[in-house]
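Have the sequence and the 3D view open side by side as you read. We will take a short walk through the structure, one topic at a time.

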Amino acid sequence: MTYYLKPRFALPCIAGVLTLGLLSGVGTHMHALSSGKEISIAAQGYDPRDILLGHYVQLRADLEFALTPENAEEVRSDFDLERSANDLEGWIVLRNDESGWQPVSFHAEKPVLADKSTTVAIRTNAYAEEVHASDNDATVTLKIVPQLDIDRFYANQSEALAIEERLRASDADVRMILSVNASGEPLLKGVSVDGNRQVISWW
């Protein structure tokens with residue numbers, strides 16, 4: 001004989017299980033944000049304030065850079081640029097210097113970092129573009145444009161409106177705050193506008 005819980009007991013049990021699942025997911029995500037290596041990179045953004053998706057800031061990381069001749073040859077040898085110049089999967093290395101975290105090289109395999117306190121390797125997609133150094137120069141430079149799959153920072157209405165107002169200024173210093181785990185996966189931890197940090201928090 002099959003026994004079923006009565007609705008007055010079944011519904012609270014289902015709600016409890018779903019709540020535990022939600023709390024578990026939130027806790028796992030917050031642990032990942034706090035345990036990863038925090039870096040901040042320059043970005044551009046705007047606030048579309050989508051009615052259905054809530055208040056959020058749309059961000060685009062400023063990570064494109066021209067390779068040195070040595071690094072360019074390494075990329076050309078590791079990737080078939082003629083066939084896959086617009087779809088490269090690899091690792092970008094960023095170094096922390098006086099101007100902040102800047103991209104310095106791009107690799108097909110995860111590189112060995114000599115100094116993990118000032119460098120970090122991020123797994124990312126990218127595309128390569130060959131550009132001339134100048135209009136009158138025949139020298140061709142290889143430019144790498146990484147593509148991060150994280151671009152939205154959600155905030156409450158007052159915070160989103162304040163960020164939106166500052167983003168309208170051409171001199172706004174906008175930065176994405178990332179948490180990079182041991183596997184090189186970046187997570188969006190927050191956004192910084194003119195030094196004012198807004199980080200993800202569930203409490």
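Helices (H or I, at least four residues) and strands (E, at least two) are DSSP runs numbered from the N terminus. The model is predicted, so local features need pLDDT of at least 70 and side-chain atom pairs count only at pLDDT 80 or more, while totals for chains, interfaces and linings use all residues. Residues are numbered from 1 along each chain as its sequence is written, and side-chain values use heavy atoms, with hydrogens and water left out.

Which residues of H2 are buried? They are Asn 71, Ala 72 and Val 75. These residues span an arc of only 105 degrees around the axis, so they sit on the same side of H2; the arc is that of the directions from the helix axis to the C-beta atoms. On the other side of H2 you will find Pro 69, Glu 70 and Ser 77, which are exposed. As background, an α-helix has 3.6 residues a turn, so residues three or four places apart point the same way.

## The chain as a whole

Stepping back, the protein chain has four helices and 11 strands. It holds 203 residues, and 36% of them count as buried. Among contacts with a separation of 6 or more, 58% join residues 24 or more positions apart, where contact means heavy atoms within 4.5 Å.

The chain exposes about 12,900 Å², and carbon and sulfur atoms supply 52% of that area. Accessible areas come from the Shrake-Rupley method with a 1.4 Å probe, and for residues only the protein chains shown count as cover.

## Aromatic residues inside

How many aromatic pairs does a search of the whole structure find? The search finds one. Phe 79 and Phe 106 form this pair, which is stacked, with 5.6 Å centre to centre and 20 degrees between the planes. Rings of Phe, Tyr and Trp (its six-membered ring) pair if their centres lie within 6.5 Å; planes under 30 degrees apart count as stacked, over 60 as edge-to-face and the rest as tilted. The pair links distant parts of the chain, 27 residues apart: Phe 79 is in the loop between helix H2 (69-78) and helix H3 (81-84), and Phe 106 is in strand S5 (residues 100-107). Phe 79 counts as buried because its relative accessibility is 11%, and Phe 106 counts as buried at 1%.

Another phenylalanine to look up is Phe 153, in strand S8 (residues 152-154). Phe 153 is buried, with a relative accessible area of 3%. Phe 153 and Gln 58 are 95 residues apart in sequence, but their C-alpha atoms are 6.8 Å apart in space.

## Salt bridges

A search of the whole structure finds eight salt bridges, each being a side-chain nitrogen of Lys or Arg within 4 Å of a carboxyl oxygen of Asp or Glu. One of them joins Glu 185 and Arg 123, at 2.8 Å from N to O. Glu 185 lies in the loop between strand S9 (174-180) and S10, and Arg 123 in strand S6 (residues 119-132), so this pair ties together parts that are 62 residues apart in sequence. Glu 185 is partly exposed at 33% relative accessible area, and Arg 123 is partly exposed at 40%.

Lys 143 forms a salt bridge with Glu 129, with the closest N and O atoms 3.6 Å apart. Lys 143 is in strand S7 (residues 140-147) and Glu 129 in strand S6, so the pair ties together parts that are 14 residues apart in sequence. Arg 175 forms a salt bridge with Asp 173, the closest N and O atoms being 3.4 Å apart. Glu 38, Lys 189 and Arg 197 are linked in a network of salt bridges.

Asp 194 has a phi near 55 degrees, a positive value in a residue other than glycine. Asp 194 sits in the loop between strand S10 (186-193) and strand S11 (196-199), and counts as partly exposed at 32% relative accessibility.

Note on methods
Buried means under 20% relative accessible area, exposed over 50%, partly exposed in between (1.4 Å probe, protein chains only).
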